[in-house]
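Subject: Handover of a structure

Dear colleague,

Please find the structure below, followed by an account of what was found in it.

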Amino acid sequence: MWWSRHIAIVLVVAALAGCGFRPLHGERASAEIATDLAHVKVTPIIGNLGPDLADLLDRELAPRGAAEKSRYRLSVLLTEGKEALVIEDNTLVRRYDFSLDARYVLSESGSGTVLDQGGLRTVTSYNIVESAEYATLIAEQRAGRRATRQIGHKILERLTLYFDRRRGQ
(Lines give C-alpha, C1' and ligand atoms only; values in the text may rest on other atoms or scores of the structure.)
Protein backbone atom coordinates (compact mmCIF):
# COMPACT_ATOMS: atom_id res chain seq x y z
CA MET A 1 0.00 0.00 0.00
CA TRP A 2 2.86 2.44 0.67
CA TRP A 3 3.90 2.25 -2.97
CA SER A 4 0.47 3.46 -4.13
CA ARG A 5 0.99 6.72 -2.23
CA HIS A 6 4.37 7.23 -3.93
CA ILE A 7 2.87 6.52 -7.34
CA ALA A 8 0.11 9.04 -6.68
CA ILE A 9 2.66 11.71 -5.74
CA VAL A 10 4.69 11.03 -8.89
CA LEU A 11 1.54 11.27 -11.04
CA VAL A 12 0.51 14.57 -9.46
CA VAL A 13 3.99 16.05 -9.98
CA ALA A 14 4.02 14.85 -13.60
CA ALA A 15 0.58 16.32 -14.24
CA LEU A 16 1.63 19.69 -12.81
CA ALA A 17 4.79 19.74 -14.89
CA GLY A 18 2.81 18.88 -18.02
CA CYS A 19 0.32 21.71 -17.55
CA GLY A 20 3.02 24.40 -17.42
CA PHE A 21 2.97 24.89 -13.65
CA ARG A 22 5.90 26.96 -12.42
CA PRO A 23 6.41 27.86 -8.78
CA LEU A 24 5.97 31.58 -8.26
CA HIS A 25 8.59 31.73 -5.54
CA GLY A 26 11.45 29.92 -7.28
CA GLU A 27 14.87 31.54 -6.88
CA ARG A 28 15.33 32.86 -10.42
CA ALA A 29 11.73 33.86 -10.99
CA SER A 30 11.54 35.45 -7.57
CA ALA A 31 14.64 37.59 -8.19
CA GLU A 32 13.36 38.78 -11.57
CA ILE A 33 9.93 39.61 -10.18
CA ALA A 34 11.49 41.39 -7.20
CA THR A 35 13.46 43.57 -9.63
CA ASP A 36 10.28 44.48 -11.51
CA LEU A 37 8.43 45.23 -8.26
CA ALA A 38 11.27 47.49 -7.09
CA HIS A 39 10.71 49.62 -10.22
CA VAL A 40 7.10 50.40 -9.27
CA LYS A 41 6.44 53.93 -8.01
CA VAL A 42 3.31 54.29 -5.87
CA THR A 43 1.51 57.58 -6.48
CA PRO A 44 0.03 59.37 -3.44
CA ILE A 45 -3.21 57.71 -2.34
CA ILE A 46 -6.04 59.98 -1.23
CA GLY A 47 -8.16 59.17 1.82
CA ASN A 48 -7.78 58.51 5.52
CA LEU A 49 -6.08 55.18 4.93
CA GLY A 50 -4.27 56.22 1.74
CA PRO A 51 -0.93 57.19 3.30
CA ASP A 52 -0.84 53.95 5.32
CA LEU A 53 -1.51 51.89 2.18
CA ALA A 54 1.11 53.83 0.19
CA ASP A 55 3.71 53.24 2.94
CA LEU A 56 2.89 49.53 3.09
CA LEU A 57 3.15 49.17 -0.69
CA ASP A 58 6.44 51.11 -0.82
CA ARG A 59 7.94 48.88 1.89
CA GLU A 60 6.71 45.62 0.36
CA LEU A 61 7.44 46.43 -3.29
CA ALA A 62 11.06 47.31 -2.61
CA PRO A 63 12.23 45.94 0.76
CA ARG A 64 15.86 46.65 -0.24
CA GLY A 65 15.08 50.13 -1.49
CA ALA A 66 13.36 51.48 -4.55
CA ALA A 67 15.10 51.57 -7.90
CA GLU A 68 16.57 54.94 -8.90
CA LYS A 69 14.35 55.25 -11.94
CA SER A 70 10.88 53.76 -11.84
CA ARG A 71 9.58 51.97 -14.91
CA TYR A 72 6.04 51.59 -13.63
CA ARG A 73 3.48 53.72 -11.83
CA LEU A 74 0.84 52.32 -9.49
CA SER A 75 -2.28 54.40 -8.83
CA VAL A 76 -4.83 53.34 -6.24
CA LEU A 77 -8.25 54.76 -5.49
CA LEU A 78 -9.70 53.81 -2.10
CA THR A 79 -13.32 53.89 -0.98
CA GLU A 80 -14.18 53.27 2.67
CA GLY A 81 -17.56 52.35 4.08
CA LYS A 82 -19.21 50.99 7.17
CA GLU A 83 -22.47 49.18 7.61
CA ALA A 84 -24.41 48.12 10.68
CA LEU A 85 -24.03 44.38 11.08
CA VAL A 86 -25.88 43.50 14.27
CA ILE A 87 -28.92 45.47 15.32
CA GLU A 88 -30.75 44.48 18.47
CA ASP A 89 -34.51 44.72 19.04
CA ASN A 90 -34.08 48.11 20.70
CA THR A 91 -32.41 49.42 17.47
CA LEU A 92 -28.94 49.62 19.01
CA VAL A 93 -26.09 48.73 16.66
CA ARG A 94 -23.57 46.42 18.35
CA ARG A 95 -21.21 45.66 15.46
CA TYR A 96 -20.14 47.26 12.18
CA ASP A 97 -18.61 45.93 9.00
CA PHE A 98 -15.82 48.17 7.74
CA SER A 99 -15.36 47.78 3.99
CA LEU A 100 -12.44 48.97 1.92
CA ASP A 101 -12.60 48.94 -1.87
CA ALA A 102 -9.52 49.58 -3.98
CA ARG A 103 -9.24 50.22 -7.69
CA TYR A 104 -5.63 49.93 -8.87
CA VAL A 105 -3.95 50.73 -12.17
CA LEU A 106 -0.40 49.71 -13.08
CA SER A 107 0.98 51.70 -16.00
CA GLU A 108 4.29 52.41 -17.70
CA SER A 109 5.94 55.52 -16.30
CA GLY A 110 6.94 57.00 -19.65
CA SER A 111 4.04 56.28 -21.96
CA GLY A 112 1.24 55.88 -19.43
CA THR A 113 0.15 52.66 -21.12
CA VAL A 114 -2.06 50.65 -18.77
CA LEU A 115 -0.49 47.25 -18.09
CA ASP A 116 -2.77 45.85 -15.42
CA GLN A 117 -5.79 47.02 -13.47
CA GLY A 118 -8.36 45.62 -11.15
CA GLY A 119 -10.72 46.09 -8.26
CA LEU A 120 -10.38 44.57 -4.82
CA ARG A 121 -12.54 44.54 -1.72
CA THR A 122 -12.04 43.51 1.85
CA VAL A 123 -14.35 43.65 4.85
CA THR A 124 -13.40 43.64 8.52
CA SER A 125 -15.66 44.02 11.53
CA TYR A 126 -15.52 45.74 14.87
CA ASN A 127 -17.66 45.87 17.99
CA ILE A 128 -19.33 48.91 19.49
CA VAL A 129 -18.43 49.47 23.12
CA GLU A 130 -21.49 51.25 24.45
CA SER A 131 -19.86 52.51 27.63
CA ALA A 132 -16.68 53.83 25.99
CA GLU A 133 -16.67 55.94 22.82
CA TYR A 134 -12.88 56.00 22.75
CA ALA A 135 -12.73 52.19 22.72
CA THR A 136 -15.15 52.15 19.78
CA LEU A 137 -13.02 54.71 17.93
CA ILE A 138 -9.89 52.61 18.48
CA ALA A 139 -11.74 49.48 17.32
CA GLU A 140 -12.81 51.27 14.13
CA GLN A 141 -9.26 52.48 13.47
CA ARG A 142 -7.87 48.97 13.97
CA ALA A 143 -10.46 47.57 11.57
CA GLY A 144 -9.30 50.16 9.03
CA ARG A 145 -5.65 49.18 9.53
CA ARG A 146 -6.49 45.48 9.13
CA ALA A 147 -8.40 46.24 5.93
CA THR A 148 -5.48 48.32 4.65
CA ARG A 149 -3.02 45.47 5.21
CA GLN A 150 -5.35 43.00 3.51
CA ILE A 151 -5.87 45.24 0.47
CA GLY A 152 -2.15 45.98 0.28
CA HIS A 153 -1.26 42.29 0.22
CA LYS A 154 -3.92 41.59 -2.39
CA ILE A 155 -2.49 44.33 -4.62
CA LEU A 156 1.03 42.93 -4.15
CA GLU A 157 -0.22 39.48 -5.05
CA ARG A 158 -1.88 40.79 -8.23
CA LEU A 159 1.27 42.69 -9.27
CA THR A 160 3.46 39.66 -8.60
CA LEU A 161 1.17 37.50 -10.73
CA TYR A 162 1.17 40.12 -13.50
CA PHE A 163 4.98 40.25 -13.66
CA ASP A 164 5.19 36.45 -13.48
CA ARG A 165 2.74 36.04 -16.39
CA ARG A 166 4.63 38.66 -18.38
CA ARG A 167 7.93 36.83 -17.90
CA GLY A 168 6.31 33.57 -18.99
CA GLN A 169 5.20 34.99 -22.36
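Predicted model: local features only at pLDDT ≥ 70, side-chain atom pairs only at ≥ 80, totals over all residues.

I begin with aspartate 36, which is located in helix α2 (residues 27–38); helices (H or I, at least four residues) and strands (E, at least two) are DSSP runs, numbered from the N terminus. Aspartate 36 counts as buried because its relative accessibility is 2%, where buried means under 20% relative accessible area, exposed over 50%, and partly exposed in between (1.4 Å probe, protein chains only). Apart from neighbours within four places in sequence, aspartate 36 is in contact with Arg71, Tyr72, Phe163 and Arg167, contact being defined as heavy atoms within 4.5 Å.

Residues are numbered from 1 along each chain as its sequence is written, and side-chain values use heavy atoms, with hydrogens and water left out.

Confidence is given as pLDDT, the predictor's confidence in each residue, from 0 to 100. The chain has an average pLDDT of 83, and 80% of its residues score at least 70. Strand β4 (residues 114–127) has the highest confidence, at a mean of 94, and helix α1 (residues 2–18) the lowest, at 56. Over residues 24–28 the pLDDT stays under 50, and the model has 7 contacts for them beyond four places in sequence.

As to the overall fold, the chain contains 4 helices and 4 strands, in the order α-α-β-α-β-β-β-α from the N terminus on. Of its 169 residues, 30% count as buried. Among contacts between residues at least 6 apart in sequence, 64% join residues at least 24 apart.

Strands β3 (residues 93–108) and β4 run antiparallel and are joined by 13 bridges; two strands pair if DSSP finds at least two bridges between them. They form a hairpin with 5 residues between them, and glycine 112 in the turn has a positive phi of about 80°.

Beyond its neighbours within four places in sequence, glutamine 117 is in contact with Arg103, Tyr104 and Val105. Glutamine 117 and serine 107, 10 residues apart in sequence, have C-alpha atoms 8.6 Å apart in space.

Lysine 69 is found in the loop between α3 (50–61) and β2 (72–87). With a relative accessibility of 68%, lysine 69 counts as exposed. Its C-alpha atom is separated by 9.7 Å from that of alanine 38, which is 31 residues apart from it along the chain.

Finally, I turn to a pocket. Which residues line the second largest pocket? They are Asn48, Leu49, Asp52, Glu80, Phe98, Leu137, Glu140, Gln141, Gly144 and Arg145. Helix α4 (residues 133–168) supplies the largest share of this lining, 5 residues. The lining divides into 3 nonpolar, 3 polar and 4 charged residues (Ala, Val, Leu, Ile, Met, Phe, Trp, Tyr, Cys and Pro count as nonpolar, Asp, Glu, Lys and Arg as charged, and the others, Gly among them, as polar). On a 1 Å grid over the protein atoms alone, a pocket is an open set of points where a 1.4 Å probe fits, with protein on both sides within 12 Å along at least five of seven lines, and lining residues have an atom within 4 Å of a point.

Yours sincerely
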